[in-house]
Amino acid sequence: MICSVIYYIAYKTGYIQRTLTKKLAGVKDLKLGKAVAAVSKDDFREKLGQALKKSDFIIVIGGLSSGKDRNVMNVLSDYVNDTEMEITFNKRVLNPDGGKDGYLIRSIDKYIAVLPDEPDQVEKMFEGELIRNIEITPDSHAQMPEPVITHTVVFAPEQYDPLEQLGKKKKHNVFVIAAAIFGALTVAAAAAWIALQYL
């Protein structure tokens, strides 16, 4: 099983790469593949699409503290909706240091782990529940069974939970639609008035 890494608006990438190399070295049938960087949401979408074609496990580092428009979970949610990915499993990965929690998402036989860009926190999250929720097989084309959940994590719902955005259809902005209709009517009325002036 090949693991790709995407650094999205991330810091301390060299330290994190060493941490990932160390933590994944002892995991049987899991090989750390290519690491790439994405500096914008469009760049991230492109890199994620490429990674999903060649890897069954993608680790995304960074973007959890970014503003709403660039936040990695919002960008990922839009990608899931736009490509109509089937989400079969998603889980919050608690950060033992109290920083931003991570997320583990599964789409049929693909896993996406979203983690903060702090090396110590990434290391502790790997020692915790992250790998236990991934079924690692040597044959990347084999059907993966449901991951065995060894324990349940209960957390209080936040006012905004990125997991709720996965799989939701985008809602049309009523104000934008109304403004477009009003604009079209105004242009039509102006054209009619001008035409009447020359009759």
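Author: One term to begin with: a residue counts as buried when its relative accessible area is under 20%. Keep in mind that this is a predicted model.

Reader: OK. Which residues of α3 are buried?

Author: They are Val72, Met73, Asn74, Val75, Leu76, Ser77, Tyr79, Val80 and Asn81. That makes 9 of the 12 residues of α3, so this helix is largely enclosed by the rest of the structure.

Reader: What covers them?

Author: The cover includes strands β1 (2–8), β3 (57–61), β5 (102–107) and β6 (110–115), and also helix α2 (41–54).

Reader: How far apart are the end C-alpha atoms of α3?

Author: They are 16 Å apart. Helix α3 covers residues 72–83, and at 1.5 Å a residue its 12 residues should span 16 Å, so the two values agree.

Reader: And what caps the N-terminal end of α3?

Author: Asparagine 71 does: a side-chain oxygen of this residue lies 2.9 Å from the backbone nitrogen of methionine 73. After α3 comes glutamate 84, which has a positive phi, near 55 degrees.

Reader: Changing topic, the sheet. In what order do the strands come?

Author: The order is β2-β1-β3-β6-β5-β4. These 6 strands form an open sheet with mixed pairing. The edge strands, β2 (31–38) and β4 (89–93), each pair on one side only. On average, neighbouring strands are turned by 15 degrees against each other, direction ignored.

Reader: What holds strands together in general?

Author: Strands of a sheet pair through backbone hydrogen bonds, either parallel or antiparallel.

Reader: Then are β3 and β6 parallel or antiparallel?

Author: They run parallel, joined by 5 bridges. For instance, valine 60 has valine 114 in β6 as its bridge partner. Helix α3 packs on the sheet, where it touches β1, β3, β5 and β6, and its direction makes about 160 degrees with that of β6.

Reader: Which strands does α1 lie across?

Author: Helix α1 (residues 13–25) lies across β1, β2 and β3, and runs at about 160 degrees to β1.

Reader: Back to β5. How many of its residues are buried?

Author: 6 of the 6, so β5 is largely enclosed by the rest of the structure. Both of its faces are covered: Gly102, Leu104 and Arg106 are buried on one side, and Tyr103, Ile105 and Ser107 on the other.

Reader: Which way does β5 pair with β4, parallel or antiparallel?

Author: Antiparallel, over 5 bridges. Valine 93 stands opposite glycine 102 in β5. The pairing of β5 with β6 is antiparallel and has 5 bridges, with leucine 104 partnered by alanine 113 in β6.

Reader: How many residues lie between the strands in the hairpin of β5 and β6?

Author: There are 2 residues between the strands, and isoleucine 108 in this hairpin takes a positive phi near 60 degrees.

Reader: Last topic. How many aromatic pairs does the count come to?

Author: The count comes to 1 aromatic pair. Tyrosine 8 and phenylalanine 44 have ring centres 4.9 Å apart and planes at 45 degrees, so the pair is tilted. Tyrosine 8 lies in strand β1 and phenylalanine 44 in helix α2, so the pair ties together parts that are 36 residues apart in sequence.

Reader: Is tyrosine 8 buried or exposed?

Author: Tyrosine 8 is buried, at a relative accessible area of 0%. Phenylalanine 44 also counts as buried, with 1% relative accessibility.

Technical notes: Residues numbered from 1 in each chain as written. Predicted model: local features only at pLDDT ≥ 70, side-chain atom pairs only at ≥ 80, totals over all residues. Heavy atoms only, no water. Helix = DSSP H or I, 4+ residues; strand = E, 2+ residues; numbered from the N terminus. Expected span 1.5 Å × (residues − 1). Buried < 20%, exposed > 50% of the residue type's maximum accessible area, 1.4 Å probe, protein only. Contact = heavy atoms within 4.5 Å. Polar contact = N/O pair within 3.5 Å; in protein donor to acceptor, adjacent residues only side chain to side chain. Phe/Tyr/Trp six-rings, centres within 6.5 Å; stacked < 30°, edge-to-face > 60°. Pairing = 2+ DSSP bridges. Axes fitted to C-alpha atoms, helices over the stretch in contact; angles between N-to-C directions.
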